[in-house]
Amino acid sequence: MSTTIDYTAYEYGGIGVPERLKEIRAAHERLRAAVAEITEEGAREAVHLPGWTRGHVLIHLADLSRAFARQARYAAQGRTIEVFDGGRPTRNRRIEELHGRPAEWLREQLDEGLTALEESWDALGPDGWERPCAYRNSPLFATQLAWWRESELHTVDLAVGRSSVEWSTALSSHVVSFLTVRLPEGLVLTAKDTGEEWSTAAEGTTPVAVRGSLRSLAAWICGRPHPAVPVVDGDPAAALPELNAWP
């Protein structure tokens with residue numbers, strides 16, 4: 001593959017496109033299997049995301065997978081199109097209007113979206129990921145990374161058996177790298193199990209150290225539950241720093 005993008009860069013999880021797509025395909029299969037077990041009552045149950053139910057998560061994933069499939073189809077033609085017609089307001093309105101639809105309909109929407117995304121990505125040529133798209137005004141590769149995050153994080157949100165403990169090392173590392181903008185200044189994160197570090201401390205200053213397993217750091221920085229919470233300077237009683245907004 002001729003490319004100007006280092007697909008295996010550290011901030012992208014250190015793995016190549018085939019390995020990443022394999023993880024995404026596995027996430028799709030988990031989603032399909034888990035969603036098949038969600039009852040009508042279960043679709044109305046609240047999740048830990050403020051104001052959201054499982055129905056909100058399902059329609060969001062269905063719409064975003066379709067949107068990213070459309071990004072790929074247009075990019076393959078050398079064209080760009082906004083992620084959602086009408087932008088983010090349309091995205092938000094659809095979630096609020098459609099989350100209460102029957103569980104079977106939500107399942108169908110999600111399956112159609114996942115299938116559309118798989119088919120559009122399968123049709124890409126060897127340089128397809130470098131083509132420009134409207135998502136963050138970036139190469140199409142940005143949608144691959146975003147969907148990797150979205151599919152795994154929102155599967156945890158559905159509370160259907162998948163937890164942050166099971167995230168891959170590559171995904172966890174990428175999530176922390178992507179979200180370091182959420183860290184306040186003067187902080188250093190250390191993954192005790194992998195030795196990785198991320199710092200926002202100025203040179204010559206003494207940073208506040210936050211330590212934990214790689215997966216616990218990834219869960220904390222993206223606001224997902226994890227059985228082990230990172231600690232500040234080894235003090236379990238110390239409050240973790242307040243994070244900045246999601247990028």
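This is a predicted model: local features need pLDDT of at least 70, side-chain atom pairs count only at pLDDT 80 or more; totals for chains, interfaces and linings use all residues.
**Stop 1: the core**

Start with Trp147, Leu189 and Ile221. Within the largest nonpolar core, a set of 70 residues, these three touch the most other members. Now colour the elements that give two or more residues to this core: α1 (17-35), α3 (54-76), α4 (87-98), α5 (103-122), α6 (141-157), α7 (169-178), β1 (187-191) and α8 (214-222). Helix α3 makes the largest contribution, with eleven residues. As background, nonpolar side chains in soluble globular proteins tend to be buried together.

Zoom in on Trp147. Which residues is tryptophan 147 in contact with, leaving aside neighbours within four places in sequence? Select Ile24, His28, Leu61, Leu64, Ser65, Phe68, Leu114, Leu117 and Trp121.

**Stop 2: helix α5**

Select 103-122, the range of α5.

Next, show the buried residues of α5. They are Ala103, Trp105, Leu106, Gln109, Leu110, Gly113, Leu114, Ala116, Leu117, Glu118, Ser120 and Trp121. Note that Gln109, Glu118 and Ser120 are on that list. In an α-helix with 3.6 residues a turn, residues three or four places apart point the same way. What do the buried residues of α5 pack against? Their partners are α1, α2 (40-43), α3, α4 and α6.

**Stop 3: arginine 70**

Move to helix α3 and pick arginine 70. Is arginine 70 buried or exposed? Its relative accessible area is 15%, under the 20% cut-off, so arginine 70 counts as buried.

**Stop 4**

Switch to the strands. Four of them form an open sheet in the order β2-β1-β3-β4, with mixed pairing. The edges are β2 (197-199) and β4 (231-232); each has a single partner strand, so one side of each lacks a neighbour in the sheet. Helix α8 packs on the sheet and touches β1, β2 and β3, and its direction makes about 140° with that of β1.

Select β1. Five of its five residues are buried. Leu187, Leu189 and Ala191 point one way, while Val188 and Thr190 point the other. In a regular strand the side chains alternate between the two faces of the sheet.

Now follow the pairings:

- β1 and β3 run parallel, joined by five bridges. Leucine 187 has valine 208 of β3 as its bridge partner.
- β1 and β2 are antiparallel, over three bridges. Look for threonine 190 opposite glutamate 197 of β2.
- β3 (residues 208-212) and β4 are antiparallel, over two bridges. Valine 210 stands opposite valine 232 of β4.

Stay with the β1 and β2 hairpin, which has five residues between its strands. Pick glycine 195 there and read its phi: the value is positive, near 80°.

**Last stop: the cysteines**

Select cysteine 133 and cysteine 222. Cysteine 133 is buried, with a relative accessible area of 5%. Cysteine 222 is buried too, at 3%. How many disulfides does a search of the whole structure find? The count is zero.

Technical notes: Residues are numbered from 1 along each chain as its sequence is written. Side-chain values use heavy atoms; hydrogens and water are left out. A nonpolar core is a set of buried Ala, Val, Leu, Ile, Met, Phe, Trp, Tyr and Cys residues joined through side-chain atoms within 4.5 Å. Buried means under 20% relative accessible area, exposed over 50%, partly exposed in between (1.4 Å probe, protein chains only). Helices (H or I, at least four residues) and strands (E, at least two) are DSSP runs, numbered from the N terminus. Contact means heavy atoms within 4.5 Å. Two strands pair if DSSP finds at least two bridges between them. Axes are lines fitted to C-alpha atoms, for helices over the stretch in contact, and angles run from 0 to 180 degrees between N-to-C directions. A disulfide is a pair of cysteine sulfur atoms within 2.5 Å.
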